[in-house]
Amino acid sequence: MIKPDAVANGHAGKILDQIIQAGFKVVALKYTRLSEERAGDFYGIHRERPFFGELVRFMTSGPIYAAILEKDNAIEDFRKLIGATDPQKAEAGTIRNLFAKSIDANAIHGSDSNENAEIEGNFFFGADQRF
Ligand code: ATP
Ligand code: MG
């Protein structure tokens with residue numbers, strides 16, 4: 001997901017280009033806005049964390065781009081491309097280093113495992129929306 005801050009700041013096109021130039025294939029892409037319920041479900045694993053309310057508030061604050069990406073070693077390579085959760089700690093040249101302002105408004109989400117990528121892809125896309 002390209003998160004609401006990056007979309008609102010006009011960075012979505014540059015981020016998508018960086019992803020494609022890094023060798024990821026865009027299999028599915030959608031511009032949408034999460035409801036409170038959908039955002040809570042998506043980040044359900046963090047429901048008990050102190051920042052959950054703020055996370056849901058932020059993720060529903062504006063539209064996002066959701067995508068399914070394909071590449072060899074995609075999970076690890078994408079985490080490297082996006083950088084650390086806290087943009088202050090993200091390596092130079094990473095998407096969060098370039099485009100994120102804070103740990104909550106951190107520009108982009110990446111799946112943390114193949115299993116979660118499958119779940120998160122199904123959360124946004126039907127079988128007839130992937131090419
Ligand atoms: P994401 O899942 O969005 O790709 P991540 O895997 O780098 O991010 P997670 O630990 O899964 O980080 O946290 C999910 C999101 O919750 C983070 O992207 C961030 O926006 C928010 N978050 C995580 N930790 C904190 C924190 N300590 N304070 C505020 N927000 C946080
Ligand atoms: Mg995560």
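Being three residues apart in helix α4, Glu-54 and Arg-57 are separated by about one helical turn, where helices (H or I, at least four residues) and strands (E, at least two) are DSSP runs numbered from the N terminus. The side chains of Glu-54 and Arg-57 meet in a salt bridge at 3.0 Å, N to O, a salt bridge being a side-chain nitrogen of Lys or Arg within 4 Å of a carboxyl oxygen of Asp or Glu. Glu-54 is partly exposed at 33% relative accessibility, and Arg-57 is partly exposed as well, with a relative accessible area of 47%; here buried means under 20% relative accessible area, exposed over 50%, and partly exposed in between, with a 1.4 Å probe and protein chains only.

The model is a predicted one, in which local features need pLDDT of at least 70 and side-chain atom pairs count only at pLDDT 80 or more, while totals for chains, interfaces and linings use all residues. Residues are numbered from 1 along each chain as its sequence is written, chains are lettered from A and ligands numbered from 1 in the order in which they are written, and side-chain values use heavy atoms, with hydrogens and water left out.

The chain as a whole can now be described. It contains seven helices and two strands, and from the N terminus on these elements run α-α-β-α-α-β-α-α-α. A compact globule of 131 residues would have a radius of gyration near 14 Å, and the value of 14 Å for the chain agrees with this; the radius is taken over C-alpha atoms, and the globule rule is 2.2 Å times the number of residues to the power 0.38. Taken along the principal axes, the C-alpha atoms fill a box of roughly 35 × 35 × 25 Å. Of the 131 residues, 43% are buried, and the accessible surface of the chain comes to about 7,400 Å², with 50% of that surface belonging to carbon and sulfur atoms; the areas come from the Shrake-Rupley method with a 1.4 Å probe, and for residues only the protein chains shown count as cover. Among the contacts with a separation of 6 or more, 70% are between residues 24 or more positions apart, contact meaning heavy atoms within 4.5 Å.

One residue of the interior is Ile-95, which lies in helix α6 and is buried, with a relative accessible area of 0%. Leaving aside its neighbours within four places in sequence, Ile-95 is in contact with Ile-15, Gln-18, Ile-19, Leu-81, Ile-82, Ala-100 and Ile-108. The C-alpha atoms of Ile-95 and Phe-131 are separated by 25 Å, the two residues being 36 residues apart along the chain. For another pair, Phe-51 and Asp-104, the separation is 53 residues in sequence and 8.6 Å in space, C-alpha to C-alpha. Phe-51 belongs to the loop between α3 (36-42) and α4 (52-59), and at 36% relative accessibility Phe-51 counts as partly exposed.

Most residues other than glycine have a negative phi. Ala-107, although not a glycine, has a positive phi of about 75°; this residue is found in the loop between α6 (95-99) and α7 (114-124), and Ala-107 counts as buried because its relative accessibility is 0%. Asn-73 also has a positive phi, near 55°, in a residue other than glycine. Asn-73 lies in the loop between β2 (64-70) and α5 (74-82), and at 45% relative accessibility Asn-73 counts as partly exposed.

The charged side chains complete the picture. Side chains of opposite charge can pair when their charged atoms come close. A search of the whole structure finds four salt bridges, among them the one between Glu-54 and Arg-57. Glu-76 forms a salt bridge with Lys-80, with the closest N and O atoms 3.7 Å apart, and these two residues, four residues apart in helix α5, are separated by about one helical turn. Glu-76 is partly exposed at 44% relative accessibility, whereas Lys-80, at 55%, counts as exposed. In a further salt bridge, the side chains of Arg-47 and Asp-41 meet at 3.7 Å, N to O; Arg-47 is partly exposed, with a relative accessible area of 41%, and Asp-41 counts as partly exposed at 46% relative accessibility. Over the whole chain, the mean positions of the 16 positive and 19 negative charges are 4 Å apart, where Lys and Arg count as positive and Asp and Glu as negative, His and the chain ends not being counted, and the place of a charge is taken as NZ of Lys, CZ of Arg, CG of Asp or CD of Glu.
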